[in-house]
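Good morning, and thank you for the time.

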Amino acid sequence: GLTADEMQGLSIFSDVAELGGYLGGTGRAKLVWKSIMEAKNPFEDEAIHPNTRMQLLNRFEPLPQVVEKVTAGDLTTKMLVRMRDGMEIETVIIPHDSRPTAQKSLTGETAARSTLCVSSQVGCNRACVFCATGKMGFVRQLSAHEILAQVYLARQIIAQDGLPPLHNVVFMGMGEPLNNLKHVTKAAEVMADHQCFSVGSSRVTISSVGPSPAIIRASAQLPALLAWSVHAADEETRKKLVPTTAHTMVQLRDAYLEALESRSKGRSTFMVAVTLIEGVNDSQQHALDLIQLLLPFQESSKCKGVMVDLIPYNDIGFGFEGGPNFGRTEHDKIREFQIAIRKAGFPCFVRVTRGDDSSAACGQLATSSIKSKTK
């Protein structure tokens, strides 16, 4: 197989200066970006000079293709994206109804918007036991071109299907983003660039299990918000859920604390995610352990705030070795967990389960498509 670096030919998703260097002028690069932002295909767009189009066709990495699209009743839309080497990943568009804000009540506009969930690797080597992608193992890194192509393809589908405009991007698809820091950094920069995709850096979130303190510290420079998939604060449960955990939770937390303290105020907001699984990590004791782990963030003058995101588990037929399948924690128990976290002074939200009718847990489309290929 090819590595991400080998897969990264010249990319139409390079920033204006870099693209201008390839094409012989930033004016040409801006026209390519205009085409991208109008959800057109720059390789075929007549508004781009034929000579430039020839350059794109001859010298540039082709666009990945959407080979399957599944839309759930709530309009959550899953795309299966095939890359040049035939590998497939998935990307999910999650539309939200308008939420009332002060701004909107003044202007009278309704701001329904979409969140895009992108993948950063084909497969993943973190081996989380409740995750479809974790079961695949690691196949390869995605190049920045392949990560950014997901934004481009999603914007096309949003335009075609009349979904709300793209508002924010989360790296919560397949893969561990911090294990692909080089390509993820480049992709996040282009996402935030106002001459490119122009999704502000405060509207891009990069979520990680926190592979090691060194990698966490290195992630401080990412032009995006950081999120930590904790799943369980006590060592024993965490190790069961994320078997590749090689450091204590305190070591990982201290690294995140250090990373956040080195960031600008606007980027010091931090999200902590816990996938709640019935009888595994959803007790009041688990909530208290989480509070203990997170208290130092409250005490730090540099951190703007920590928000806890509770994710009800999506049952996809996994369990501990030889045990029953994992199940979703009951509503009342999730509520009790949430109340405990809030009482300790942390904003805490329960993520609304989306696209339940369309194998929406991340990695399901792609892993089933890879299984059918390898049979």
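Glutamate 90 and lysine 78 are both buried, buried being under 20% relative accessible area, exposed over 50%, and partly exposed in between, with a 1.4 Å probe and protein chains only. Their side chains meet in a salt bridge, 2.9 Å from N to O, the term standing for a side-chain nitrogen of Lys or Arg within 4 Å of a carboxyl oxygen of Asp or Glu. The two residues are twelve apart and link distant parts of the chain, with glutamate 90 in strand 3 (residues 88-96) and lysine 78 in strand 2 (residues 77-82). Helices (H or I, at least four residues) and strands (E, at least two) are DSSP runs, numbered from the N terminus.

A word on the basis of this. The model is predicted, and local features need pLDDT of at least 70, side-chain atom pairs count only at pLDDT 80 or more, and totals for chains, interfaces and linings use all residues. Residues are numbered from 1 along each chain as its sequence is written, and side-chain values use heavy atoms, with hydrogens and water left out.

How many salt bridges does a search of the whole structure find? The number is 13. One of them joins lysine 333 to aspartate 282, with the closest N and O atoms 3.3 Å apart. Lysine 333 lies in helix 13 (residues 331-343) and aspartate 282 in the loop between strand 10 (269-276) and helix 12 (284-299), so this pair ties together parts 51 residues apart in sequence. Lysine 333 is partly exposed at 29% relative accessibility, whereas aspartate 282 is buried at 2%. Aspartate 254 forms a salt bridge with arginine 253, at 3.0 Å between the closest N and O atoms. Here aspartate 254 is partly exposed, with a relative accessible area of 34%, and arginine 253 is buried, at 11%. Lys34, Glu38 and Lys40 are linked in a network of salt bridges.

I turn to the rings. There are ten aromatic pairs, that is, rings of Phe, Tyr and Trp (its six-membered ring) with centres within 6.5 Å, where planes under 30 degrees apart count as stacked, over 60 as edge-to-face and the rest as tilted. The pair of phenylalanine 13 and tyrosine 152 has its ring centres 5.7 Å apart and its planes at 50 degrees, so it is tilted. Phenylalanine 13 is buried, with a relative accessible area of 1%, and tyrosine 152 is buried as well, at 2%. Ring pairs link Phe13, Trp33, Tyr152 and Phe197 into a cluster.

Which residues line the largest cavity? A cavity is a set of points on a 1 Å grid over the protein atoms alone where a 1.4 Å probe fits but cannot get out, and lining residues have an atom within 4 Å of a point. The lining consists of His231, Ala232, Ala233, Asp234, Val274, Asn281, His286, Leu290 and Phe337. The volume of this largest cavity is about 50 Å³, a volume being the space filled by probe spheres set on the points, which are joined across faces, edges and corners. The second largest cavity has a volume of about 30 Å³, and its lining includes Arg126, Val209 and Arg238.

Definitions and conventions
1 Å grid on protein atoms, 1.4 Å probe; cavity = no way out; pocket = protein on both sides within 12 Å on 5 of 7 lines; lining within 4 Å.
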